[in-house]
There are 2 protein chains.
Amino acid sequence: MLNWIAFEIAKEIIMAEIVTGCMIIIGNEILSGRTQDTNLAYLAKELNELGVRMVEARVIPDIEETIISTVNECRTRFDYVFTTGGIGPTHDDITTDCIARAFNTKVEMHPDVVDIIKRREAPPEVMASRLRMARIPVGASLIDNPAGGPPGFQLENVFVMAGVPMVMQAMVSTLGKDRIRGAAPVRSRTIGVNLGETQVAADLLEIQNDHPNVDLGSYPYFRKDAYGTNLVMRGTDEAELDVILARVRRMIIDQGAEPIEE
Amino acid sequence: MLNWIAFEIAKEIIMAEIVTGCMIIIGNEILSGRTQDTNLAYLAKELNELGVRMVEARVIPDIEETIISTVNECRTRFDYVFTTGGIGPTHDDITTDCIARAFNTKVEMHPDVVDIIKRREAPPEVMASRLRMARIPVGASLIDNPAGGPPGFQLENVFVMAGVPMVMQAMVSTLGKDRIRGAAPVRSRTIGVNLGETQVAADLLEIQNDHPNVDLGSYPYFRKDAYGTNLVMRGTDEAELDVILARVRRMIIDQGAEPIEE
């Protein structure tokens with residue numbers, strides 16, 4: 001019995017270690033290069049604070065079958081899925097219907113959203129378009145939109161949000177531990193050095209091998225008059241990160257170079 | 001016989017209509033939000049000029065099994081696949097080995113790349129790291145790197161390039177019609193209007209229905225003192241795009257608003 005409890009606790013710890021998130025960016029305008037996505041970087045940082053690690057992102061076009069199959073694949077493979085884009089009022093906003101189809105449910109007018117939309121008056125034709133945004137899949141809960149417009153929604157582990165960064169960020173700000181059960185956030189340490197990657201490669205490999213739980217990355221940079229490498233340590237154990245940081249700093253000094261601290 | 005030729009020609013036309021591209025962005029630093037990807041938008045535009053339509057992009061971590069399975073899935077589903085990231089000299093640069101494993105081939109020192117790398121002298125340890133970048137999968141052809149460093153490579157329909165934007169862009173600049181067989185590039189027309197999406201939604205739907213070959217998108221924008229919508233028409237037939245542009249312009253004027261031309 002004690003063994004069984006220990007096993008359950010151990011399992012819980014192991015399972016809690018990494019909670020995975022996947023982002024699905026829906027929109028032809030991102031794939032054509034017309035619009036530069038910035039939502040991925042924003043969401044990745046916010047999710048990390050909630051203890052969810054972004055482990056994959058996909059950018060897909062406004063094509064019904066693609067949206068449905070991508071959502072269905074990702075919602076089984078990852079703990080949480082976050083979509084952006086395609087929930088506006090025009091004919092190319094098809095995300096809501098696709099999510100409903102992916103979950104085998106239907107879309108209905110949500111009375112709370114109808115109320116929000118009707119607060120602002122509009123001519124009948126405009127109101128009809130705006131009311132498209134009150135169409136919410138049956139079974140979904142709403143994601144508030146402090147930016148002022150219609151909300152997003154959550155269906156099981158899938159969070160459906162707007163693509164306009166200002167609105168997406170407003171929606172993300174409402175997501176808390178009541179809806180997302182994360183693990184420990186990833187913390188990082190960064191140190192720069194005006195050496196090429198090749199000059200630090202061997203030392204880095206040694207340090208990485210000594211600390212398998214930490215992700216040690218090196219990122220070359222090229223600026224006008226200088227090149228160098230940023231060394232980034234990422235992990236959940238702050239004490240371990242500080243130990244590695246000290247070791248990397250010493251490695252840099254031993255090479256006769258100067259550590260550039262953030 | 002004539003029928004058969006007609007069929008072959010028709011097949012050629014149908015098959016040539018859309019040549020698909022998929023981008024695989026490899027790197028923990030993009031998924032953590034530390035680095036903002038800009039390669040997708042750049043590559044999408046360049047590929048379009050070569051007649052390849054970017055229809056999906058994936059951002060994946062530096063994990064061997066994930067890279068291999070993603071490459072293998074995408075290279076069968078899309079006409080061309082382009083990867084960025086993970087071909088540098090450090091321990092976290094594992095893309096080359098993963099590509100080789102995906103294609104069931106091995107990695108060997110490529111004499112041409114060894115020559116390029118040895119042109120610049122370096123201490124033995126540094127040279128050893130740099131020579132990691134001469135490891136190229138057997139059967140691959142090189143992608144020149146006018147930025148000055150080691151090249152990328154192509155294996156069948158998969159193009160493997162650096163993640164640093166300056167280097168990636170240099171590599172892309174060498175890709176031409178000798179290696180990439182595209183179709184007609186997508187052209188676009190954009191017109192802005194200081195109306196909300198809901199005010200144009202019904203008219204847009206009607207125009208879209210009349211022109212199924214053109215992708216008509218509406219993208220709301222919010223600036224300091226103004227909001228509005230950009231209407232974007234995308235398709236391969238420039239004459240048809242101009243017809244639609246004129247119709248959209250008239251629709252805006254009929255609504256008493258002002259068309260904002262780019």
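Two residues are in contact when heavy atoms of theirs lie within 4.5 Å. With that in hand, welcome to this predicted model, where local features need pLDDT of at least 70, side-chain atom pairs count only at pLDDT 80 or more, and totals for chains, interfaces and linings use all residues. Residues are numbered from 1 along each chain as its sequence is written, chains are lettered from A in the order in which they are written, and side-chain values use heavy atoms, with hydrogens and water left out.

Let us start with chain A. It holds 10 helices and 12 strands; these are DSSP runs numbered from the N terminus, helices being H or I with at least four residues and strands E with at least two. The C-alpha atoms of chain A fill a box of roughly 75 × 65 × 30 Å along the principal axes. Of its 262 residues, 54% count as buried, where buried means under 20% relative accessible area, exposed over 50%, and partly exposed in between (1.4 Å probe, protein chains only).

Now to the meeting of the chains. In chain A, 53 residues are in contact with 54 residues of chain B. About 4,500 Å² is buried between the two chains, and carbon and sulfur atoms give 58% of that area. Buried area here is the accessible area (1.4 Å probe) that two parts lose on being put together, summed over both. On the chain A side, Arg34(A), His91(A) and Thr198(A) lose the most area to chain B, together 14% of what that side buries.

Thr198(A) is worth a visit. This residue lies in helix H9 (residues 197-210) of chain A, and it counts as buried because its relative accessibility is 11%. Leaving aside residues up to four places away in sequence, Thr198(A) touches Pro89(B), Val126(B), Ser129(B), Arg130(B) and Met133(B).

Finally, look at some backbone angles. Most residues other than glycine have a negative phi.

Glu156(A) counts as exposed because its relative accessibility is 58%. Glu156(B) is exposed too, with a relative accessible area of 58%.
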